[in-house]
Amino acid sequence: MPRQLGELEDTVMTRVWQWNRPVTVREVLEDLQRERSIAYTTVMTVMDNLHQKGWVRREVDGRAYRYTAVSTRAAYAAALMNEAWSQSDNPAAALVAFFGMMSAEQREALRDAMRVVAPDFPEPDGNRPDGTAAADEAPPESGR
């Protein structure tokens, strides 16, 4: 499981993810310098650390490297959520607390995601997306 990125690592990875193409240290540096004063060697060290940690791959391009993200921001966020959830001594309670913190838009995004990964999962009204009632289903046999 990946550990959470540090502040500067996240700032650099955000650019790599947003640009979605191979990038150089110089490109990241120039973009970061619009917001803050930062040295080339600092960005180079951060990108090397991200490579060592497996967040980016790099290929030689002349005298420089071009860095590419290994996974997406969504995959990173999902891994962090999964790690936090798996650390709980009561995963169900952790989910209830997490869902309770969600905005209406986030709950709708969750419903959309559930439709993708579990199309037969009941809607909030107790019906499946096809309109059939989940309660009409016979209970599974116990196998006794």
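In the predicted model, Val25, Arg26, Val28, Leu29 and Leu32 of helix H2 are in contact with Tyr40, Val43, Met44 and Met47 of helix H3. Sorted by class, the residues of this contact between H2 and H3 comprise eight that are nonpolar, none that is polar and one that is charged. Helix H2 spans residues 25-32 and helix H3 spans residues 40-52, and the two pack at an angle of about 120°, their axes being 9 Å apart. Because angles of 65 to 115 degrees count as roughly perpendicular and those over 145 as roughly antiparallel, H2 is described as oblique to H3. The handedness of the crossing formed by H2 and H3 is right-handed.

Helix H2 also packs against helix H1, which covers residues 7-19; here the angle is about 110° and the axes lie 11 Å apart. This angle falls in the range of 65 to 115 degrees, and H1 is therefore classed as roughly perpendicular to H2. The crossing in which H1 passes H2 is right-handed. On the H1 side the contact is made by Thr11, Val12, Arg15 and Trp19, whereas H2 contributes Glu27, Val28, Asp31 and Leu32. Four of the residues in the contact of H1 with H2 are nonpolar, one is polar and three are charged.

Attention then turned to the pockets of the model. The largest pocket has a volume of about 440 Å³, and its lining is made up of 15 residues, among which Met81, Trp85, Leu95, Phe98 and Phe99 are those that lie nearest the centre of the pocket. At least two lining residues are supplied by each of three helices, namely H4 (73-86), H5 (91-101) and H6 (104-117). Of the contributions to this lining, the largest share is that of H4, which provides six residues.

Terms used: Residues are numbered from 1 along each chain as its sequence is written. This is a predicted model: local features need pLDDT of at least 70, side-chain atom pairs count only at pLDDT 80 or more; totals for chains, interfaces and linings use all residues. Side-chain values use heavy atoms; hydrogens and water are left out. On a 1 Å grid over the protein atoms alone, a cavity is a set of points where a 1.4 Å probe fits but cannot get out, and a pocket is an open set with protein on both sides within 12 Å along at least five of seven lines; lining residues have an atom within 4 Å of a point. Grid points are joined across faces, edges and corners, and a volume is the space filled by probe spheres set on the points. Helices (H or I, at least four residues) and strands (E, at least two) are DSSP runs, numbered from the N terminus. Axes are lines fitted to C-alpha atoms, for helices over the stretch in contact, and angles run from 0 to 180 degrees between N-to-C directions. Angles under 35 degrees count as roughly parallel, over 145 as roughly antiparallel, 65 to 115 as roughly perpendicular and the rest as oblique. A crossing is left-handed if the near helix is turned anticlockwise from the far one by less than a right angle, and right-handed if clockwise. Contact means heavy atoms within 4.5 Å. Ala, Val, Leu, Ile, Met, Phe, Trp, Tyr, Cys and Pro count as nonpolar, Asp, Glu, Lys and Arg as charged, and the others, Gly among them, as polar.
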